[in-house]
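Please look through the structure below with an eye to helix packing and aromatic rings.

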Amino acid sequence: MNDAAGAPAARRRAARGRPSDLALITAWWQGLGGEGFLVLPPPNRGRYTQSDGHEDAAEVHAERGLTGPVSFAYWHWQSHGRAFGRSSALKGELLLHWGGDHATVAAGLGEGPAGFRVVDGGPQGAFRLDRITDRDEAGLPNPADPDGVRQFLDALDEPVDRSVSPLRYRPLSPVEAAWLHERLDDPQDLAAATRFAVSLERRDGLTPDETKRLLRAWRAEYKGRLTAWGAWAELLHALLRHGHAEAWGTVDALGVGDPRVAAVVSRMPSERGLAVVREAALAGHRAPVHAWLALHRSLREPDAVHAAAALAAELAAHDVPKTSLHGLYGALIEAVTADWRRETGANHHAGRSYAGLAAVRFATDDRLPRVLRVLAADAAREQVEHIREEALRPGQTDLDSTADVLAAVDRYEAARDGLLSGTGPELTGSETKLADVWHRYRTLTDVDVRWLRDRVADPTTGLQGLGFCLELLVAHGLATASDVEALLLRRLKDLTKKYRTTYTEWRHPLVTLTCLALDLDHPAAGKLVSWWNAARPLWKDELRLLTHLGAPDEAKAAELWDFVTSPAHDVGQLMTWVLVRARLDGEHPLLVADRLIGNPDIREYVLRRVLIGVADPEQPLWHYAVDPRSVCWWRRAQEVAEHPGLSPEARAVGLSVAREHYLIRYPDQVSPAPTEADRAKAVAWLAQQDTPKP
């Protein structure tokens, strides 16, 4: 015990005379690079994500005057923060991201610096840099070696299959279990016990005595902030599993409205658990709905469809928010897909196909109430062609008979328009899911317009939903003074809150509203402009210039130009300038952007995304960067590449973006997922572009 306790202090004393881990890794990193391969400098906060890394690589490529394809590697600030502690010691894996040719990057990185290793994550993953550690003959680390312990626990906590829920982990060997229990016997603080407790209880391994001691320490150390401890969910599971007297009091203290708490309760079926999650769901909490369906099936009605119908009736009777029904539909699809995979042994990919077929069938399943059939019809909209393609593929065996599947598709297509008329996407879902349906609204029907206006006028629509709906109305020239008045009267306090939209296709809704008010010469325009010009809040400063698209003039264009030719970070200012200039000059914004090619004051990678983003001025793509996973960006890239009025250089940008798009390189990562026919058509188009013209 004393040796183990003294080892970290001894290591710290020995380390005082040598460079930090960060210094060693940086020195190795700076020695990398060569023909066709470059490494970006270590990051600061300006390179926060993977998208930032790719933009930095494009900028370095241009600054160095490099020609031809170049592969590159980098790490970003989020990865840096997770990997290095305050003393610059490595405390976890450093993820090394990359672009270009995978084999070139792997060869360029090599095995890593002395004392460390680089592990190749494959063509679709990151490289991982970590310290080299030792194990004993039983494969166990030295308890005094924090890196060895971390790596050992990481290996234990790697799920057998990440595509199933709840996640499953391989069994512990007797020596591994004994080693973990021994760690919990040591007199140490609760933080040190966290990962040992997690690894044990993921296999139902915590003993009643360990559970009792951990509960006592948890309550004392984390009073008032129970979920701040990293092993709270596993300890709650152990309390319920052992029938501990304090189990349900702990559930109450945590709150079953938390989806993580509800998920733990659902894994230990009981009448009390069913009552708890039901009460929370009927009170309007969405999170417990998944747990409610799971427990209702375990204790009342095993059939998922009948169970979901029963719960939908109860939810409707209590007038809960529609988001709860979205949650119930998602729980139903997950449940039937998991059942099917267990029965058939099918893999994750086959499960996705089955989930799509289930959505197609549920849209016309009279056992379900209309509200769930409508949600199924919406989900199936992007799935139906995949299902048809799968059914017609020779030798397919994952789904039902071809005739049955095609009959289900026919029934769906006959009912779809009637079910979906006057509906729209879930505005409270993830921004990614909303962006996935952006392409549906490139043209708007009268029904679309009514739905969008209703959502803008609805005081319960959040900032994300307002941004989505208002942007579409304004971009298509269909927003009116009534939209301005409705939002100013009811929502101005909400609209002045921070909402980051740099990774979506729509702007902050107050930017869009200000542009609309300026274009309409609305009496409120002056008040809005004054707010943007005020000193506070600071977050709005980077967005202020985006409002210049409203009622543009030469002075606004000049202010925008000064910004876009400065080193300042661009979050839509160049696109705004291009759209402003196009309005002032009465021409297509693509022509404006085209004339900027080769301008030394304009960053090439920013112009590249603007050129694609303004391909359709009635629905510009305001995304922070070219999104290689988006169908929207693929279609715009094609249009730029084929545009007869653009320069060869501009068309080459469109073709370059198309070549790099995931529809060509990694089609399984495109959203919404393409059919095989979509991919074949895209590959054929690209081949045609590369064929020399006679």
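This is a predicted model: local features need pLDDT of at least 70, side-chain atom pairs count only at pLDDT 80 or more; totals for chains, interfaces and linings use all residues.

Residues are numbered from 1 along each chain as its sequence is written, and side-chain values use heavy atoms, without hydrogens or water.

Helix 8 (residues 190-201) and helix 9 (residues 208-221) have axes that come within 12 Å and cross at roughly 140 degrees. Helices here are DSSP runs of H or I with at least four residues, numbered from the N terminus; axes are lines fitted to C-alpha atoms over the stretch in contact, with angles from 0 to 180 degrees between N-to-C directions. On the side of helix 8, the contact (heavy atoms within 4.5 Å) is made by Leu 190, Ala 193, Ala 197 and Leu 200; helix 9 contributes Glu 210, Leu 214, Ala 217, Trp 218 and Glu 221.

The whole structure holds 17 aromatic pairs. Rings of Phe, Tyr and Trp (its six-membered ring) pair if their centres lie within 6.5 Å; planes under 30 degrees apart are stacked, over 60 edge-to-face and the rest tilted. Trp 438 and Trp 506 form a tilted pair, 5.5 Å centre to centre with 40 degrees between the planes. The two residues are 68 residues apart. Trp 438 is buried at 1% relative accessibility, and Trp 506 is buried at 0%; buried means under 20% relative accessible area, exposed over 50% and partly exposed in between, with a 1.4 Å probe and protein chains only. Ring pairs also join Trp 438, Tyr 441, Phe 468 and Trp 506 into a cluster.
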